[in-house]
Amino acid sequence: MRYRVRHTTTYTYDEDVSDSYGIAHVTPRELPWQHVGQHDVTVDPGATDQWATSDHYGNTRTYFQVDQPHRVLQVEAVSDVEVLTEVRDEEADAQPWEACRPAGRRDVVDAWSATELVLRSELVPHAPLAHAYGAESLRPGRPLVEAAMDLMHRIHTDFTYEQGASTVTSTIDDLFEARAGVCQDFAHLTLACLRSHGLAARYVSGYLATDPPPGKERIVGADASHAWVSLWVPGGTWLALDPTNDQLAGERYVTTAWGRDYADVPPVKGVIYSEAKTSLLDVEVDVAPV
Amino acid sequence: MLQDYSAAVAQPTLTAGPPRYDEVVAPDGSLRPAWKALAGAAIGLTREELQRISGDVVRFLSDDGVRYSRPGESPSWWRLDPVPIVVSAEEWAPLEVGLAQRTELLNAILVDLYGPQTLLSSRVIPPELVFGHAGFLRELRGGPVDQHPLLVSASDVTRTATGDWQVLADRTGAPSGIGYAMENRRVISRVVPELYRGAGLHRVAPFFQAVRAAMIDAAPGEASDPRVVLLSPGPQSETAYDQAFVASSLGFPLVQGSDLVVRDGIVWMRAFGRLERVDVIVRRVDASYTDPLELRGDSHLGVTGLVEAVRRGTVRVVNGLGSGVVENLGLAPFLARACEVLLDEPLRLPSIRSYWLGDPDELEQVRPRLEELTVRTIDRTDPTGALEGDDLLRRVEAEPHRFVAQERPHHSQAPALGPFGVQPEPVVIRTFTVRHGSAYRTLLGGLGSIMETGRVPRSKDVWVLKARPDEPDQRLLEVLPMTNVRAPAAMVPRVLEDMFWFGRYAERAEDTLRLVISAHGLAQDFRSRPWSAGGQTLRVLTRKLRDLSPSPFEEDAFDDELRSLLLDPFRPGSVAQSVASLRDAAQAVRDQLSPDVWRVFGAIDRAAGTLADSALSHQVTDTAGRMLTAISALHGVCDSMMRDDGWRMIMVGRAVERCQQVVRLLDGTVTERRGIDVDRDVLTTVLMVAESAVTHRRRYRGYVRPAGVVELLMFDADNPRSISFNVDRAAELLRALPASTGSTRPERLLADLQGELASLELASLVVIEGERRPHLEQAVATVRGLLSRFADAVLEVHLASAPTPRSFDLTRPTREVAP
């Protein structure tokens, strides 16, 4: 599938901001199953300084600085992306999950770097609740993908998608308490379940193309940025799981960036110098088939 | 001293295990070679002589203002034992070679970890050990790799029972202590000159020149005259003294994060009204606090955009951001292998035997012995340091890769002066290694410490003797001597602000001292005669004291109140509080001030100490007088300063504070009328407190009238204590500041003040209505209001420091909400 992705982030302040410094992870990645054509990041008011580099995980990180007074800061990313269907190695997917821990697979060439994604991170601790919850799916000897799909399905069933049920500071334990959250929470929860059992998994940030309701026109900007997880499968592949929608992330998923958790790859973050008291965030995403 | 010590060493010890290696006495009772050479001079060091020297050390350290804070505690004096650790050239040699190699190795490990990571992929170093370490900064990966992130490193070393050196810990992020080492040497060379001259030891100064050269050479690109700054967390930092010492000795300005700004991916210093490019940042701020944009978002100590500037190579940070990852305590077991892989040679200097518990075999091996080992997290993030107790094993098993177990070190021992003469004490030496040309050189010297728990440790100077008398100091020939190294004045707004407060607090302390002295004098004479004129004057003055520092000032506790006004730094309005704030301001601009400033604090502290130790009432006046003398000396020190913007700000601060003191003093004294005798006493006291009694006597022949006092204190253009004098002075000083236009807000307010003063008529001011002088009251209130608006405006216009960095999301932490 080919898409044109338009992702607009707008911050509005109640007083002038003299300087904004930002970091954006809004450019899709070039991957074996994803090709990126034209892509552009525009900052308004015009950035005096804008620079894109590759980060530790190979994501494109865009640094920008605006040094003229402004009350509205807008970061717009437009990218043409083609997503292909990934062909899976069924034999690798059927390995018992216990054999898929990087710690036990020194024979696998990238096991050493996958180790990083087993360790706890700031937003994804190895919470005992997550460990116990994961154990119900990760039963002894079960094939990896079957166990992971079961975990995804259970999370989708047991937890409710609900905006406002969580904040950026919600912990894994908070989620078990509320039993509700948004896609970042579902991703963090899945990661905690997998990692606390020694498996390696990434937090993935990107976009999901949505269909308009039957008989309706596509509404531009009604899409949203999205998050899911990707599980390390020894043998050179990763399995992309979307617990929010209980499905594998296929060709409707545009991958932008990955890391240990949300904090590694927020779409836009930054620092301002201002006496402003309030800020308003507005995000519009449009994933248009082309 | 040596006989005493030999006897003390020969005493059987209570500690189990093999005896410690003694730095002075060999097991057969003979002196070690290093001390043999010193024996002649050391003989004169009797116990009494050492005690006297120890007193000199304390005085020198206090005069130099050498302080240190243990983490989370308020600063206390630096401590220094008078007996140096002396090491012969022969004994030092293996350490020197080992440290040069070790630093080379740690540098090479950093280059790999922030580059290709072959050490991890080939499992020379376990990946968890790096990925799980808080000092591994992923933000620094992905771009070009700094090939020399490690310019200066420090290692804490000690000796085994057999005298072999071993490393306890490495400091590679922002190593501290070299300033203390230099200060120790300065003091010790003064207090035991015979010993120092006879020893044939390496002077340390040339090493500093090598450090300076390394920093300047670190500048990226082709800058012909690179600007190097030392980035400090501020005067509240534990090692603020060390930072300021290093900055001023190396001639680099001491800056804080808010003094720097990033534009176009380049770091600039906010000089007055313009930006100056910065090429090298010697950082003493923990790496994770250096950039609120990409590292810790809650940091106010950093520079927004610094990581990006580093990434682009427009600025060099020393040591490189992320260098702290090789402080990792879990690296020890893997260094030997890494050394062979990276440097193709065997590791020369071992670490203390350590077990990384992420290795299941190691964990099994040490599990039964955990209690006798020291277990730590690899990045020492555990606030309590060493972990102990029942839950230790549980914590280790939950995350074994985060833990390391170390054998308890077997320190060597050296003589240290205690209450009963010199005694052997366990010691550790912090060594310093700097990149010099294409290799690393280790300081022939170091910072010794006695291993004690619970307080600021006693430090020791470390003497490394020359192999031959004609050996050049530090064996550095090619280093040019530092001539005329003086920190170029970094007149950033923050520095000027500290200067302004320096001026204000010095004046405030002085004014309060005069008030205390007068009050104490009156209390001594008239406390028992409250109905006398003096007794009533005392009540008037007591009211002034109450305004200054709210408290009951009960008659029977009057002395205690005055004592606390002098000594209690937590009491609002106290002298001690002003002095503490003055010290903070001075500490923040230490590189700009004469070292004589610290002598002033030394004198104040000693005066305070005398009062604290004495219950006698007259000691209050005596101490306040000594403090006053010290503060006056501070004005003398300021007189010798360059007439630059910093000096001007001190003087503006002083002028503002003087004016405020006069209005505060007039209010409630001259503005009221009492009996004729009482009025005379009150006016005389006001003149004394305002240090204008002598002038008044000369001018008015001892006839004290309100009009004369008001004229002298408000309008007299020749009286340096008068409001008019100081307002004119402030206006003149302001005119010289670059930001002045003639019509800035502070200048307009001063013009208003001058206008107000000119419009006042002396005759009408002293007119009495009932018990009061309403015109004077009115004038005092108006002047007071204008003064405080002026002081605020100066801060706003001239000293506006950078605003605080805040996150894009102000209202609450938010994130894009998505399905």
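I looked up burial first: of the 290 residues of chain A, 48% count as buried (20 or more other C-beta atoms within 10 Å of the residue's own, with C-beta atoms placed from the backbone). The model is predicted, so I note that local features need pLDDT of at least 70, side-chain atom pairs count only at pLDDT 80 or more, and totals for chains, interfaces and linings use all residues. Residues are numbered from 1 along each chain as its sequence is written, while chains are lettered from A and ligands numbered from 1 in the order written.

Chain A, dimensions. The C-alpha trace of chain A spans about 60 × 45 × 40 Å along its principal axes.

Chain A, make-up. I list six helices and 14 strands (DSSP runs numbered from the N terminus: H or I of at least four residues for helices, E of at least two for strands).

Chain B, sheet. I traced an open sheet of three strands in chain B, in the order β14-β16-β15 with antiparallel pairing (strands pair if DSSP finds at least two bridges between them). Its edge strands are β14 (354-356) and β15 (374-377) of chain B, each pairing on one side only.

Chain B, one pair. I followed β15(B) to β16 (residues 403-406) of chain B: they pair in the antiparallel sense over four bridges. Thr377(B) has Phe403(B) in β16(B) as its bridge partner.

Conventions
Buried ≥ 20, exposed ≤ 12 C-beta atoms within 10 Å, placed from the backbone.
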